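Please keep the model in view while reading.

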Amino acid sequence: MSRKRVDLLLENVTIEAVAAEGKALAHVDGIVVFVDFAVPGDVVDIQVFKKKKNYMEGWIKRIVKPSEHRLDPFCPHFGVCGGCRWQPLPYSMQLEAKRQQVEDQLVRIGHLDVPEIRPTLPSPHTEYYRNKLEFSASASRWILNGENPDALSADDRVGLGFHVSKFFDKVLDIKECHLQKEPSNAIRLFVKQFCLDHGIIPYFPYCCSDSATFEDIYKDYEVLGNVFGVQEVAAERVQAMKDKLASVEAALGKEVYENPIKVFVYDSGEDAPFTACQGMPGDMIKLAGGISIFDDIQKGWATPSWEEVVERDPDVILILNYNYEDTAEKTEFLQNNEFTSQMRAVQEGRIYVANCADGLKASWSAVENAGSYKVYYKPSAASVWSCLETEGTSAVIPDTLSGT
């Protein structure tokens, strides 16, 4: 089942207040609407991209009338870079917003009886106040609007800067940053040019992308093999992974992949589930003969609602265990939660546990995880039931990959 697309435009909405995480808020028909980069007093048209029972989220499609408080952002990267989101907001309003957030957390949400929250102490500097910055590098930087990707050389694609807002695997090339005084910008620009002049290629793991597959793990090994001069070791590892996955696919058979079971991966969360969608976690599920019920979400991980989980009716629920939490508590939650207790997978006991501890040690361990589950059939069933079974003594799984 495809994810419903929200197509709602709210016109002439007046922004009322500053909210958490750099957002602002308004009310439309009694429902809270959160908006990025808005200032109290703005009158805007809002394109909604998320609509829940009690709130909506959207972005500014048009500023009908700017607030009298609105300032022009001082940074040329504003809106794309993930930092400094309050640039259009006067500093005095930023300080009051921070004080109000503390009061809301303690009094309105925490119901605590606390003394009056004092005003936020201001900094003498609103720019160039940081004493430490960390930058990320990429050989495939974020492409800006108006740029033609096909016209860019390999050097033009190199980026050294910060992550793009809401995209942890995308790097924005920064020309000038206002967070730290010189020679900060000069050092960053020098390092980038030095790398370009000497053929030093930035490395960012391909497998961290929201669209990654096992092919991207192979790319990562190839790159690291070249960087550290151990190409043969990298090639052996890649071949070992390919052989193991081939044995899993051969054991499961073609029919399994033609008719994958629907899997809900339960990582964490009670108010809303944190679950696997696409990317590496989604590819692992597919190689094991299943498909995530949220495969249509173009992210590796997401937090949909429990209502959406119930609506998509998974055949199997897979609980992720990180060796520091009691999976029995997650199972009990699913069995007693008002949304999930009546799902087929819960009612019929098709809840399984995947141990992710080994998968955190190295990228090639993901291959072991993909092979740690097998699809089996109950021939007595009128329709073929499929579910994931822990490895045990299954012949599907060859010896574990080991080595340096």
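Helices (H or I, at least four residues) and strands (E, at least two) are taken here as DSSP runs, numbered from the N terminus. On that basis the chain has 10 helices and 17 strands. The model is predicted, so local features need pLDDT of at least 70 and side-chain atom pairs count only at pLDDT 80 or more, while totals for chains, interfaces and linings use all residues. Residues are numbered from 1 along each chain as its sequence is written, and side-chain values use heavy atoms, with hydrogens and water left out.

Accessible areas come from the Shrake-Rupley method with a 1.4 Å probe, and for residues only the protein chains shown count as cover. The accessible surface of the chain is about 23,200 Å², and 53% of it belongs to carbon and sulfur atoms. A residue is called buried under 20% relative accessible area, exposed over 50%, and partly exposed in between (1.4 Å probe, protein chains only). Of the 404 residues in the chain, 41% are buried. Contact means heavy atoms within 4.5 Å; among contacts between residues at least 6 apart in sequence, 59% join residues at least 24 apart.

In soluble globular proteins, nonpolar side chains tend to be buried together. A nonpolar core is defined as a set of buried Ala, Val, Leu, Ile, Met, Phe, Trp, Tyr and Cys residues joined through side-chain atoms within 4.5 Å. The largest such core has 17 residues, of which Phe264, Tyr266, Phe294, Trp306, Val309, Ile317 and Leu334 touch the most other members. At least two residues of this core come from each of S10, helix H7 (306-312), strand S14 (316-321), helix H8 (327-336) and helix H9 (344-347). Another core, of 14 residues, lies apart from it and includes Val13, Ala26, Val28 and Val33. Beyond its neighbours within four places in sequence, phenylalanine 264 is in contact with residues including Pro273, Ile293, Trp306 and Leu318.

Aspartate 267 lies in the loop between strand S10 (261-266) and strand S11 (275-276). A salt bridge requires a side-chain nitrogen of Lys or Arg within 4 Å of a carboxyl oxygen of Asp or Glu. Aspartate 267 is buried but has no salt bridge, and the nearest side chain of opposite charge (Lys and Arg count as positive, Asp and Glu as negative; His and the chain ends are not counted) is that of lysine 330, 5.3 Å away. A polar contact is a pair of N or O atoms within 3.5 Å; within protein, one must be able to donate a hydrogen and the other to accept it, and residues adjacent in sequence count only if both atoms are side-chain atoms. The side chain of aspartate 267 makes such a contact with the side chain of serine 268, at 2.9 Å.

Elsewhere, the count of salt bridges comes to 21. One of them joins the side chains of aspartate 36 and lysine 23 (3.2 Å, N to O). This pair links distant parts of the chain, with aspartate 36 in strand S4 (residues 31-36) and lysine 23 in strand S3 (residues 23-28), 13 residues apart. Both aspartate 36 and lysine 23 are buried. Lys23, Asp36, Lys50, Glu57 and Arg85 are linked in a network of salt bridges.

Glutamate 96 and arginine 99 also meet in a salt bridge (3.0 Å, N to O). They lie 3 residues apart in helix H1 (residues 91-109), about one turn of the helix. Glutamate 96 is partly exposed, with a relative accessible area of 39%, whereas arginine 99 is buried at 13%.
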